[in-house]
Amino acid sequence: MKGLTWVVWRQHRATAWTVLALTAMAACCVGYWFHQQYAFQQDHGIAGCDILLPTCHGQRLTDGSLADVVRVLDTDYRDVLVRAGYAMLALPPLLAVFLGAPLFARDFESGSHRLALTQSVSPRRWMAAKLAFAVSLTLVVSLVLTALYGWWWHSTWRDFGDLVWDTPTPFLTAGPAGVALAMLAVVVAAAVGLVLRRTLPAMVISLAISGGMLYLLRAWRPAEHLWPLSTARSTPTHYPDLPRYTLHERLRYETSSGERISDRVCPDLSVEANLARCLREHDVVSSLVEYHPASAYWPTQWVLAGICLTVAAALVAGCLWWVGRRTA
Amino acid sequence: MTSEYAGDPGAAIVARGLGKRYRQTWALREVTLRLPAGRICAVIGPNGSGKSTLLAMAAGLLAPTTGSLSLFGEARSTSATRRRVAYVAQDKPLFPRLTVAETLRFGRELNPGWDQAVAERVLRDVDIPTGARISTLSGGQRTCVALALALGKRADLLLLDEPMADQDPLRRSRMMGALMAEAAEHGTTVVIATHVLAELDGVSDHLWLFGAGRLRLAGDTEAIQSAHALVTGARRDGERAGDRASNPGLPPELAAHAVVEARATGRQLTVLVRPGGTELEGEWITREPSVEEILLGYLRNPTAPPLLLDGGPTDAPEVAA
């Protein structure tokens, strides 16, 4: 290595090795659990069975020994999959606190930034090199873990029947959105360290910010807002046929003029004849369901990833502009 | 922006109306000065007088609040000036986890003009093992490493903030020797901030004295010396010498000259003056003061009128003394 690359690597290599070692351990854990579950399903001949359905390979799932096997899968292995996902949610805050926050804060706190900034390289290049280091390390770590966990999750989530795809895990742990979120968290933490110039306060504030981002994303449910809903139609008194694993289903009625009205215009009409009459009175020509099919997972992932990366890029540009202005 | 700096490449530092404010307080105000290239300049002043602020601004670490500062005829903190300036901060920041050898490599990787031999020679002179970690070194040893790093950069302008403060006398003289040898060999301009006056005796040929953020004395050391006279005579009855603010009790023949400081010892009166045009009458013994006597005079009497001989850039109006 040469030049700034060597300088940045030498200064942060202890952090880098620690982060990479912990990543390797985490990857081994995920790989081990993935393999255990896969082997269990293979050994008992239940691979690819949806345990919510009554039958698997022609046998009723409520019968005998197969039911016991399925119960073990549903309790033990389902828990491991979900808990590993929640552990994965800690990745952006951890990287923010231990990689992003000290990146500049430690230099400013100890005064060694004055050593770096009075060599022949410009402050902007120095900062860009450090940010590049932090962002690439984040990319490697989150890419490895997210890809591995995503492989596990996507190959097995349908087996459990009741798992949904827009909860924080897998939505922020098993796809590109998770990688982008980790990068954003690290860049935000680096900027916080640059402003606060103290390592410990920067770590605390970064933890709060990245934790807050996770909380807001959980509350806001990005999958619902970031991609247009699909629609399915049927006759007025019939609920449309939908594929499995859909989310955010909402029943509406469509009138002859094409207007969509609420399904509450005809409430609690359990007798089908009465419902049909009520719908006729409201000029309803078809029932209509707006929903997200499971295939909406990937486009919403990419949209959220794009948003996170755009914000991160803007923040990097802001930091570079700021350091140039401060010393010029 | 850059055009105003053009035309004075012979000056290592030119400051015009330079000021720096931290929130409400001014660390440096209305500083106008010019340091010709190749000089060894001593920057003297009590703590908090603005020495470090001036050096940090010249090093490109701080932006001025008012005025301008140029190095070798170019605006500060451009890529060209960054290569030509080396800076050692007062607290000698280094990376504690690096070894001495790695610290030198840091300098080599970040500076195209790096001279490994110079840096290694400096460290050999003061017996610092290159394999040692910075965190295991004493304060004085760290200062040597910081100086080696600055010298290895092969800069045209060395800005050293209290470089000898924590050195034992032996190492101090060796470091000073190494520094002056390098400066003489390459025509380096050296600016050394210090409050140890003796440290620079006979070494510096230019002088800036700061007090409370303002420049009080500036110029060639010899010119400053010849502008002053130390006058000794007998005190007459009824005179109250030592009233530094206005010196009302001074003999009338001294009133025509700018009095820096007057002190009475018994019946003897010693006055540091900047002689005016007229000859001094009466029974006075006059001699040229040492640099240290001049500096002490100004330091003891903060109200003494400033003497600014730098003149600043040629097209700037002469700053009133």
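Let's start with one contact: Arg84(B) lies over the face of Phe72(B), at 3.9 Å from the ring centre. By definition, a charge sits over a ring if NZ of Lys or CZ of Arg is within 6 Å of the ring centre and within 35 degrees of the ring normal.

Some ground rules. This is a predicted model, where local features need pLDDT of at least 70, side-chain atom pairs count only at pLDDT 80 or more, and totals for chains, interfaces and linings use all residues. Residues are numbered from 1 along each chain as its sequence is written, chains are lettered from A and ligands numbered from 1 in the order in which they are written, and side-chain values use heavy atoms, with hydrogens and water left out.

Now, the sheet around Phe72(B). Where does Phe72(B) sit? Phe72(B) is in the turn of a hairpin formed by E4(B) and E5(B), with two residues between the strands. Phe72(B) has a positive phi of about 50° there. A word on the labels: helices (H or I, at least four residues) and strands (E, at least two) are DSSP runs, numbered from the N terminus. Two strands pair if DSSP finds at least two bridges between them. E4(B) and E5(B) run antiparallel and are joined by two bridges.

Zoom out. The open sheet of chain B has four strands, in the order E2-E1-E4-E5, with antiparallel pairing. Gly19(B) stands opposite Thr66(B) in E4(B).

Next, aromatic rings. A search of the whole structure finds 12 aromatic pairs over all chains. What kind of pair do Phe34(A) and Trp151(A) make? Their ring centres are 5.0 Å apart and their planes stand at 90°, so the pair is edge-to-face. The cut-offs: rings of Phe, Tyr and Trp (its six-membered ring) pair if their centres lie within 6.5 Å; planes under 30 degrees apart count as stacked, over 60 as edge-to-face and the rest as tilted. This pair links distant parts of the chain. Phe34(A) is in helix H1 (residues 3–43) and Trp151(A) is in helix H5 (residues 123–156) of chain A, 117 residues apart.

Buried or exposed? Phe34(A) is buried, at 13% relative accessible area, while Trp151(A) is exposed, at 56%. Buried means under 20% relative accessible area, exposed over 50%, partly exposed in between (1.4 Å probe, protein chains only). Trp153(A) and Trp157(A) form a stacked pair, 5.0 Å centre to centre, with 15° between the planes. Trp153(A) is buried at 3%, and Trp157(A) is buried at 4%. One aromatic cluster is made of Phe34(A), Tyr149(A), Trp151(A) and Trp152(A).

Last topic: spaces. On a 1 Å grid over the protein atoms alone, a cavity is a set of points where a 1.4 Å probe fits but cannot get out, and a pocket is an open set with protein on both sides within 12 Å along at least five of seven lines; lining residues have an atom within 4 Å of a point. Grid points are joined across faces, edges and corners, and a volume is the space filled by probe spheres set on the points.

The largest pocket has a volume of about 460 Å³. Its lining has 21 residues, and those nearest its centre are Leu22(A), Ala26(A), Leu91(A), Leu94(A) and Leu145(A). H1(A) gives the largest share of this lining, nine residues. By class, the lining has 17 nonpolar, three polar and one charged residues.

The second largest pocket holds about 390 Å³. Among the residues closest to its centre are Arg106(A) and Arg97(B). H3(A) gives the most to this lining, seven residues. Its classes are 10 nonpolar, five polar and six charged. For these classes, Ala, Val, Leu, Ile, Met, Phe, Trp, Tyr, Cys and Pro count as nonpolar, Asp, Glu, Lys and Arg as charged, and the others, Gly among them, as polar.
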